[in-house]
Amino acid sequence: MSGYKTFTMIKPTAVKNGHIGSILDMINNAEFRIVAMKLTKLSYERAEKFYSVHKEKPFYQDLCTFMSSGSIVAAVLEKENAVEAYRKLIGATNPDNAAEGTIRKLYATSLQENAVHGSDSDENAIIEGDFFFSTLEKY
Ligand code: GDP
């Protein structure tokens, strides 16, 4: 059965470019419930840990440098079938391939700086949410 939770980050370039409000508006309009949210910043070491599944990839260091380069917004979202529904809202990893009207199509500046993160499974949604938020910070 599909889960109700997913996890997202608004990445540093999208924050710097002033897109927090527009992206949250799209999340609200798509009827996700925000159950936890904060503006924060990843250290390089925390970014390495978050993206450790990619540690053998050639882009791993660049990705960790980028993700620790500025403020991010981290949030836990709820909706029926949340992981799949959110990945549909954000669009393909590479914004060149993202559908019109998706968050990445509208706000990404490159493959790496693709505006937002979205969990890829129910299991990772829980792990990633717990990476940023304690039980007491989820409402
Ligand atoms: P996602 O689940 O759609 O975010 O995609 P992945 O889990 O495959 O990749 C994680 C993140 O790494 C992506 O969101 C991009 O920011 C970055 N990324 C993925 N592929 C590449 C790549 O080929 N080059 C670079 N520079 N970054 C990439």
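**Close-up 1. Gly 118 is a buried residue of strand 4.** In this predicted model, Gly 118 has a relative accessibility of 3% and therefore counts as buried (buried means under 20% relative accessible area, exposed over 50%, and partly exposed in between, with a 1.4 Å probe and protein chains only). Strand 4, which comprises residues 116–118, contains Gly 118 (helices, H or I with at least four residues, and strands, E with at least two, are DSSP runs numbered from the N terminus). The C-alpha atoms of Gly 118 and Ala 75 lie 10.0 Å apart, while the two residues are separated by 43 residues in sequence. Residues are numbered from 1 along each chain as its sequence is written, and side-chain values use heavy atoms, with hydrogens and water left out. Because the model is predicted, local features need pLDDT of at least 70 and side-chain atom pairs count only at pLDDT 80 or more, whereas totals for chains, interfaces and linings use all residues.

**Close-up 2. Ala 115 and a positive phi.** Ala 115 is not a glycine, yet its phi is positive, at about 70 degrees. The residue belongs to the loop between helix 6 (103–107) and strand 4. With a relative accessible area of 1%, Ala 115 is buried.

**Close-up 3. Glu 31 and a positive phi.** Glu 31, also not a glycine, has a positive phi of about 65 degrees. Its place is in the loop that lies between helix 2 (20–29) and strand 2 (33–40). The relative accessibility of Glu 31 is 64%, so the residue counts as exposed.

**Close-up 4. Residues around the ligand.** The shell consists of Lys 11, His 54, Phe 59, Leu 63, Arg 87, Thr 93, Arg 104, Leu 111, Gln 112 and Asn 114 (a residue is near a molecule if one of its heavy atoms lies within 4 Å of it). By class, 3 of these residues are nonpolar, 4 polar and 3 charged (Ala, Val, Leu, Ile, Met, Phe, Trp, Tyr, Cys and Pro count as nonpolar, Asp, Glu, Lys and Arg as charged, and the others, Gly among them, as polar).

**Close-up 5. Side-chain atoms facing ligand oxygen atoms.** An N or O atom in the side chain of Arg 87 is 3.0 Å from an oxygen atom of the ligand. For Arg 104, the corresponding distance from a side-chain N or O atom to a ligand oxygen is 3.1 Å. A polar side-chain atom of Asn 114 is 2.9 Å from an oxygen atom of the ligand.

Technical notes
Polar contact = N/O pair within 3.5 Å; in protein donor to acceptor, adjacent residues only side chain to side chain.
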